[in-house]
There are 2 protein chains.
Amino acid sequence: MHKKNTNKTMQDVARLAGVSMMTVSRVLRNEMKVRETTRRKVQAAIKELEYRPNISARSLASAKSHLIGFLYQNPSEGYVGQLLIGAMKKAQLRDYSLVLSNLDGTKTNVSDVLKSLLESSHVDGIILTPPFSDSEEILDMLQAVQLPTVRISPEQKECPFPFVCMDEAKAAFDMTSYLVDRGHTKIAFIKGHPDHSGSHLRYDGFMQALAAHQINLPDHYTPQGMFNYQSGFEAAEKLMLLADKPTAIFAANDDMAAATLSAAQKHHLLVPETISVVGFDDAPIATSIWPRLTTVRQPILEMAEMATDLLIDELTGKRDKTKPRQNTMDYQLTIRDTVQSLN
Amino acid sequence: MHKKNTNKTMQDVARLAGVSMMTVSRVLRNEMKVRETTRRKVQAAIKELEYRPNISARSLASAKSHLIGFLYQNPSEGYVGQLLIGAMKKAQLRDYSLVLSNLDGTKTNVSDVLKSLLESSHVDGIILTPPFSDSEEILDMLQAVQLPTVRISPEQKECPFPFVCMDEAKAAFDMTSYLVDRGHTKIAFIKGHPDHSGSHLRYDGFMQALAAHQINLPDHYTPQGMFNYQSGFEAAEKLMLLADKPTAIFAANDDMAAATLSAAQKHHLLVPETISVVGFDDAPIATSIWPRLTTVRQPILEMAEMATDLLIDELTGKRDKTKPRQNTMDYQLTIRDTVQSLN
DNA sequence: CTGAAAGCGCTTACAG
DNA sequence: CTGAAAGCGCTTACAG
């Protein structure tokens with residue numbers, strides 16, 4: 001019953017357009033070597049018949065699965081969620097599906113998990129998200145099997161796989177400067193998960209800004225967090241218990257910034273009156289807390305979309321040679337309500 | 001290169017096991033009519049060859065896509081996220097893939113979106129999440145095309161499609177009673193999105209508990225929310241501005257309960273000392289805020305898993321006639337730190 | 001309980 | 001620029 005539109009086949013289109021299946025196939029795959037008039041005839045026939053190619057048949061014949069593996073870990077739900085939505089959207093648009101692979105609990109043998117993913121799913125390509133974008137183990141394996149791969153926010157730019165990233169160090173530098181401009185000199189920084197390159201980049205930017213403004217960094221002002229809420233809460237509490245409290249806390253991501261707000265509440269510190277807080281990402285949580293978080297907006301969704309496009313271009317041989325394989329996107333300081341000016 | 005394991009085909013297994021492809025296929029699909037000794041031989045061969053069936057070939061031959069449509073809307077990210085994880089996990093386990101369809105921006109023509117999903121994706125079945133589990137428009141369409149469908153947390157139990165739910169009214173009743181037992185009599189309720197059946201069920205349970213305990217409900221004590229943070233925040237503020245403030249607020253879901261905590265902070269009300277707050281769902285946010293939220297734990301993930309199983313059983317003809325098609329799962333009051341006893 | 005044959009709807013070389 | 005043939009790896013009737 002619901003197959004009424006299913007039984008229109010390439011043969012039908014070919015017949016209606018007065019060409020061979022081969023030509024229809026060419027038009028469908030956007031190959032260049034088709035005469036313009038022929039192309040139009042075929043496209044008209046496709047439209048009239050409401051023809052939809054059968055993905056299974058295509059996959060079988062081409063020995064391609066039209067599946068993309070999406071490797072992730074989940075320290076920060078909001079971040080990964082955005083990434084996923086962007087990738088999913090683009091994939092769907094271009095007739096690919098995502099196979100999600102959560103490598104959370106697998107500290108020991110990431111490569112085993114990857115291997116079984118490759119064997120069982122027959123993915124055509126891989127999207128790597130932090131911290132896997134910089135995992136030598138994974139990168140080596142992928143290169144060995146020559147599986148097209150694209151990376152999101154890697155630190156290592158030399159690796160041959162294309163990527164899309166953001167200048168996280170510069171963004172952290174700018175955010176720190178913003179704080180300094182508002183009169184803050186006692187600024188603490190909650191570090192992110194050490195496996196994630198973003199942690200280092202953001203920390204570096206913070207340190208550089210401090211140096212540039214000749215600001216001293218007191219002891220104990222850079223507690224370690226893990227990018228999740230719990231670790232951020234604990235790190236923030238340490239800071240709040242210090243005799244010489246900071247006037248501003250820069251958390252390496254929004255989840256930890258949100259946790260810092262909670263910790264402030266627990267310790268009866270008013271944000272931003274008593275203590276200013278800024279985050280990084282502009283994840284959904286940034287506007288789901290009160291006060292709304294001042295943070296660095298990363299175009300997370302757009303980064304995922306671009307990465308997915310890059311990969312599919314490569315898979316379909318549509319790679320535009322003029323398009324860069326290394327893309328650095330813009331960020332933006334998003335000023336909301338968690339910073340007080342001391343001037 | 002990465003296809004080393006791909007080229008093992010059913011033919012190879014058949015040869016090694018000394019049977020026909022037909023028999024291998026039967027074993028693979030767990031059909032009953034295979035002699036036990038034959039089955040073992042085949043299974044051994046599969047194992048030895050590390051044979052993995054080619055999904056595309058199977059789909060093509062069987063005219064089934066092995067795709068399941070997952071319809072959702074996104075008022076509460078945490079809730080949908082859990083649902084998604086559960087469904088995804090089970091689907092993957094049983095060789096199915098999910099096609100996500102977000103019906104958020106499409107107030108007007110849900111049926112158009114559904115129609116195009118059916119035509120373009122050739123899904124074998126559908127998982128309906130709230131509020132679509134009760135959408136007559138969608139239910140009618142799905143029945144018309146006879147597409148196997150399973151529903152999560154519907155209100156209408158009469159519809160022929162199987163479902164899995166929870167006794168939300170009873171859970172709300174219990175939570176309200178819990179508040180009453182702790183001496184609260186001035187209890188407000190922030191209502192959920194009117195399209196979601198859960199909103200009514202939870203509200204009903206709340207009202208019944210009040211009646212059972214002969215507690216009066218002051219005017220303005222049941223502001224309307226929409227299940228998201230923003231609406232919860234506004235509703236909570238209204239309550240906090242009342243001359244006759246409640247001592248406890250029951251938000252119809254955790255997102256709105258979290259917002260209530262934020263609103264309390266804005267208005268310098270201490271939780272739970274000055275005002276108690278409870279939620280519903282036990283979504284991830286419940287423990288990502290401070291104080292940690294007392295709430296009703298719904299087994300969201302498990303519900304999605306069961307629903308997916310139900311659907312795949314039906315799709316593969318494995319439906320166990322003894323298994324109920326209507327499943328009501330257990331809930332649990334999860335007591336954390338946002339309720340103060342007045343006794 | 002088991003098998004030989006046909007075919008699912010495409011794409012891939014290979015010609016022209 | 002276009003086409004005829006073969007085949008991708010399974011499952012579906014149909015026999016026995």
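Biologist: Which residue stands opposite A:Ala188 in β7(A)?
Modeller: This is a predicted model, in which local features need pLDDT of at least 70 and side-chain atom pairs count only at pLDDT 80 or more, while totals for chains, interfaces and linings use all residues. Residues are numbered from 1 along each chain as its sequence is written, and chains are lettered from A and ligands numbered from 1 in the order in which they are written. β6(A) and strand β7 (residues 248-251) of chain A pair in the parallel sense over 4 bridges, where a pair requires DSSP to find at least two bridges between the strands. Within β7(A), the residue opposite A:Ala188 is A:Ile249.

Biologist: Which strands of chain A stand at the edges of the sheet?
Modeller: Strands and helices are DSSP runs (E, at least two residues, for strands; H or I, at least four, for helices), numbered from the N terminus. In chain A, 5 strands form an open sheet with mixed pairing, in the order β6-β7-β8-β9-β11. Two of these have a single partner strand each, so one side of each is left without a neighbour in the sheet, and they are β6 (187-190) and β11 (332-334) of chain A.

Biologist: What angle does the direction of helix α8 of chain A make with that of β7(A)?
Modeller: From one strand to the next, the twist of the sheet averages 20°. Angles run from 0 to 180 degrees between N-to-C directions, with axes fitted to C-alpha atoms, for helices over the stretch in contact. Helix α8 (residues 168-181) of chain A packs on the sheet and touches β6, β7, β8 (276-281), β9 (294-297) and β11 of chain A, contact being a distance within 7 Å between C-beta atoms placed from the backbone. The angle between α8 and β7(A) is about 170°.

Biologist: In chain B, which residue of β9(B) is the bridge partner of B:Phe280?
Modeller: The open sheet of chain B has 5 strands in the order β6-β7-β8-β9-β11, with mixed pairing. Strand β8 (residues 276-281) and strand β9 (residues 294-297) of chain B pair in the parallel sense over 4 bridges. In β9(B), B:Phe280 has as its bridge partner B:Val296.

Biologist: Are α10(A) and α11(A) parallel or oblique to each other?
Modeller: The axes of helix α10 (residues 229-240) and helix α11 (residues 254-266) of chain A come within 7 Å and cross at roughly 50°. Angles under 35 degrees count as roughly parallel, over 145 as roughly antiparallel, 65 to 115 as roughly perpendicular and the rest as oblique. The two helices, α10(A) and α11(A), are therefore oblique.

Biologist: Which element gives the largest share of the side of domain 2 of chain A that touches domain 3 of chain A?
Modeller: An automatic or database assignment divides chain A into domain 1 (10-53), domain 2 (62-165 + 300-329) and domain 3 (168-299). In chain A, 16 residues of domain 2 are in contact with 19 residues of domain 3. On the domain 2 side, the elements that give two or more residues are α5 (77-93) and α12 (300-315) of chain A. The largest share, 4 residues, comes from α12(A).

Biologist: How many residues of chain A are in contact with chain B?
Modeller: The contact can be counted from both sides. Chain B contributes 32 residues, and the number of chain A residues that they touch is 32.

Terms used:
Two residues are in contact if their C-beta atoms, placed from the backbone, lie within 7 Å.
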